[in-house]
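Hi everyone, thanks for making time. Let me put the chain up on the screen, and then I'll walk you through it piece by piece.

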Amino acid sequence: MVVCSCNRDCGLYTTRQGENTGRRFYRCTRYKSLDGCDFFRWVDDAHHSSVDIKYQLFAMEERINRKFRRNELLLKMCVIVIVIQFILLLFKM
Ligand SMILES: [Zn+2]
């Protein structure tokens, strides 16, 4: 168990977002309280198990979904533009 500078046992957490997703870290259990300490330490990178593959996959899936949704939006905009041009063409004739 890791003990922080205010002499408490640290909690073990997993990063849920950003480029460090899946990476584990120790943080003081009083991290967010007003008089809490700011102890923070990454779990040693040398151990492969410190990176939680599950969360990395989750983050990757999120990124893919975001790109997919963006492409879907672009496709819809293209269809709308084509329809508008078609309608304009009809009125010209
Ligand atoms: Zn502490």
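So, what do we have here? The chain contains one helix and three strands, where helices (H or I, at least four residues) and strands (E, at least two) are DSSP runs, numbered from the N terminus. Reading from the N terminus, the order is β-β-β-α.

Before going on, a word on the source. This is a predicted model, so local features need pLDDT of at least 70 and side-chain atom pairs count only at pLDDT 80 or more, while totals for chains, interfaces and linings use all residues. Residues are numbered from 1 along each chain as its sequence is written.

Now the overall form. The C-alpha trace spans about 85 × 35 × 15 Å along its principal axes. The chain has a radius of gyration of 25 Å, whereas a compact globule of 93 residues would have one near 12 Å; that radius is taken over C-alpha atoms, and the globule rule is 2.2 Å times the number of residues to the power 0.38.

On to the strands. The three of them form an open sheet in the order β1-β2-β3, with antiparallel pairing. Because β1 and β3 stand at the edges with a single partner strand each, one side of each has no neighbour in the sheet. From one strand to the next the twist averages 25 degrees, with axes being lines fitted to C-alpha atoms, for helices over the stretch in contact, and angles running from 0 to 180 degrees between N-to-C directions. Pairing, by the way, asks for at least two DSSP bridges between two strands. Strand β1, residues 10-14, is joined to β2 by five bridges, and G11 stands opposite R27 in β2. Between β2 and β3 there are three bridges; there, F25 faces W42 in β3 and Y26 faces R41.

Two residues outside the strands deserve a look. N7 sits in the segment before β1 and has a positive phi of about 70 degrees, although it is not a glycine. N7 has 8 other C-beta atoms within 10 Å, so it is exposed.

Where does C37 lie? C37 is in the loop between β2 (24-28) and β3 (40-42). It counts as partly exposed because it has 17 C-beta neighbours inside 10 Å. Leaving aside residues up to four places away in sequence, C37 touches C4, S5, C6, C28 and R30, a contact being two C-beta atoms, placed from the backbone, within 7 Å. C37 and F68, by contrast, are 31 residues apart in sequence and 42 Å apart in space, C-alpha to C-alpha.

Helix α1 covers residues 53-92, and its 40 residues should span 58 Å at 1.5 Å a residue; the end C-alpha atoms are 59 Å apart, which agrees. The expected span is 1.5 Å times one less than the number of residues. Zero of the 40 residues of α1 are buried, so the helix lies largely in the open.

Finally, the record: an unreviewed UniProt entry places a "transmembrane region" at residues 73-91. UniProt positions follow the numbering used here, feature names are shortened, and annotations may be inferred rather than shown by experiment. In the model, residues 73-91 are 100% helix and 0% strand, with end C-alpha atoms 27 Å apart.

Conventions. Buried ≥ 20, exposed ≤ 12 C-beta atoms within 10 Å, placed from the backbone.
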